[in-house]
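Hi everyone, thanks for making time this morning. I'd like to walk you through one model and the charged pairs in it.

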Amino acid sequence: MPPTITAFESSPDRGQGLARDMRVRWALEEVGQPYEVRLVSFSAMKEPAHRALHPFGQIPTYEEGDLALFESGAIVFHVAQRHAGLLPEDAHARARAIAWMFAALNTVEAPILDLQTAKFLEGDKPWSAERLPLVKDRIRKRLGELSDRLGDADWLDGAFSAGDLMMVHALLRLRPSGLLDEYPSLAAYVARGEARPAFKRAFAAQLAVFTGKLATG
């Protein structure tokens, strides 16, 4: 039986590829692993049945036989370990790819999520106008460091890996802010990720949940 993942029944991003099930879909598409999707409502996510899979009442989850996982990074890591295509065979290169997965989640995505909090949850606070530039500056610092490391390479460490998958998806959240455009090499890096056939298939599948039909082109 193929694994089953969970996704939003009604995605807050209107199917634009930002929800975290996108990472899992993309990873599964990259390795050629068929999968099934169970859509859950916001209310169902907080019910005991879903919390048994995800103790924090979020998505995605991953079920394969008697294995149940939560957290998108852990799920992508599991997929990458089980199937060829997302982690290098060389032990040192493999370790570096895993390091980039952690960097995407812990070092780069964290301030990006802080920006979303500052804009959408704290935007009406009297101190928001003062805090927002500080949040953006922290993001710019990380983007500058990442851009310097990437240089003119296509991917972070040789061939495309799970590290790139996680990093590209984290950076995608910046597109509406315009901050990504300040770093042309990173904007091009994200575009290369989006151009991958596996990304396109995953995006179309996630968008179809919102529109009711598969995207074309």
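Let's begin with Arg173 and Glu109, which are both buried. This is a predicted model, by the way. The two residues form a salt bridge, with 3.6 Å between the closest N and O atoms. Arg173 sits in the loop between α7 and α8, while Glu109 belongs to helix α5, so this pair ties together parts that are 64 residues apart in sequence.

Now, where does the loop between α7 and α8 join up with helix α6? Have a look at Glu182 and Arg140, whose side chains meet in a salt bridge at 2.9 Å, N to O. Glu182 is in that loop and Arg140 in helix α6, so parts 42 residues apart in sequence are tied together. Glu182 is partly exposed at 39% relative accessibility, and Arg140 is partly exposed at 27%.

One more pair for you: Arg96 and Asp157 form a salt bridge, their closest N and O atoms 3.0 Å apart. Arg96 is in helix α5 and Asp157 in the loop between α6 and α7, so the bridge ties together parts 61 residues apart in sequence. In total, the count comes to 16 salt bridges.

Stepping back to the whole chain, we have nine helices and four strands. The radius of gyration is 17 Å, close to the 17 Å that the globule rule gives for 217 residues, so the chain is as compact as a globular protein of that length. Of those 217 residues, 47% count as buried. Thanks, all!

Terms used
Residues numbered from 1 in each chain as written. Predicted model: local features only at pLDDT ≥ 70, side-chain atom pairs only at ≥ 80, totals over all residues. Heavy atoms only, no water. Helix = DSSP H or I, 4+ residues; strand = E, 2+ residues; numbered from the N terminus. Rg over C-alpha atoms; globule rule 2.2 N^0.38 Å. Buried < 20%, exposed > 50% of the residue type's maximum accessible area, 1.4 Å probe, protein only. Salt bridge = Lys/Arg side-chain N within 4 Å of Asp/Glu carboxyl O.
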